[in-house]
Amino acid sequence: MELTINIFALNEKHNKVLALTSEEIIISDKKHKTAESVLKSLEKKGMLENLSRIPLSQVIRLEYREEENTLEIFFQNAEGKEKSKSVVMANTEDRAYVIQQLKDSRNFVTTQRAEKKWVPLAINVFWMAFVGGMIWLGLTTNAALARGEEIAYSGRNRGIKKLMTMAFEFLGVEGVWAVGIGVIAYLIWSAYQRFQNPQTIYSIHE
């Protein structure tokens, strides 16, 4: 019997495709357009391609939020430990197809729950702290430039450091404050909106 492979493009930087067969989920960091291409990669392991293979029999549950294209796959590894793999589907239709195939093959059911309100708050607090750090960096960079100091660029990220310095110099002290406070204000507003209207998490499981 010929193995049927359905291929779905992923909308993320590292993983490029999700392939679904009647036996497993295959996630690859290489673009594949045909079933033959996927099969060749499975036969040539370690050929400059990172493949994740999850047998359908080991899938514990799937989870997603209705307003996002992310699909999180929870499964049991060879040691019996629960692991998860998150992918960003190109659209909700592809995600719905993958979910339906799992429901049909494993007799899974769908349940739903509201996300915990502290989760988006914690995420936004992290980003606010990051923006605060960028404000501090922008102010200290502008202060150093005002004193006539030369900024040293070294290490693997020297190109990024140079671009950041140029951006801070372009914005100036007032611009750094304006952009930083604007971003923080947006993060506070979005956290409040999410707190007031928590997203629904859908879980597909036995």
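These questions and answers cover a predicted model, taking a loop threonine, a pocket and a helix asparagine in turn.

Q: Is threonine 21 buried or exposed?
A: Threonine 21 sits in the loop between strand 2 (17-20) and strand 3 (24-28). The cut-off for buried is under 20% relative accessible area. Threonine 21 has 6% relative accessibility, so it counts as buried.

Q: Which helix gives the most to the lining of the largest pocket?
A: The largest pocket has a volume of about 170 Å³. Helix 3 (118-146) and helix 4 (158-196) each supply at least two lining residues. With seven residues, the top contributor is helix 4.

Q: How many charged residues are in the lining of the largest pocket?
A: The lining includes Phe130, Met134, Leu171 and Gly180. By class, 10 lining residues are nonpolar and one is polar. The number of charged residues is none.

Q: What does the side chain of asparagine 142 reach at 2.9 Å?
A: Asparagine 142 lies in helix 3. Its relative accessibility is 11%, so it counts as buried. The atom its side chain reaches at 2.9 Å is the backbone oxygen of glycine 138.

Q: What separates the C-alpha atoms of asparagine 142 and phenylalanine 170?
A: Beyond its neighbours within four places in sequence, asparagine 142 contacts residues including Phe168, Glu169 and Val176. Phenylalanine 170 is 28 residues from asparagine 142 along the chain. Their C-alpha separation is 9.5 Å.

Key
Residues numbered from 1 in each chain as written. Predicted model: local features only at pLDDT ≥ 70, side-chain atom pairs only at ≥ 80, totals over all residues. Heavy atoms only, no water. Helix = DSSP H or I, 4+ residues; strand = E, 2+ residues; numbered from the N terminus. Buried < 20%, exposed > 50% of the residue type's maximum accessible area, 1.4 Å probe, protein only. 1 Å grid on protein atoms, 1.4 Å probe; cavity = no way out; pocket = protein on both sides within 12 Å on 5 of 7 lines; lining within 4 Å. Points joined across faces, edges and corners; volume = space filled by probe spheres on them. Nonpolar A, V, L, I, M, F, W, Y, C, P; charged D, E, K, R; others polar. Contact = heavy atoms within 4.5 Å. Polar contact = N/O pair within 3.5 Å; in protein donor to acceptor, adjacent residues only side chain to side chain.
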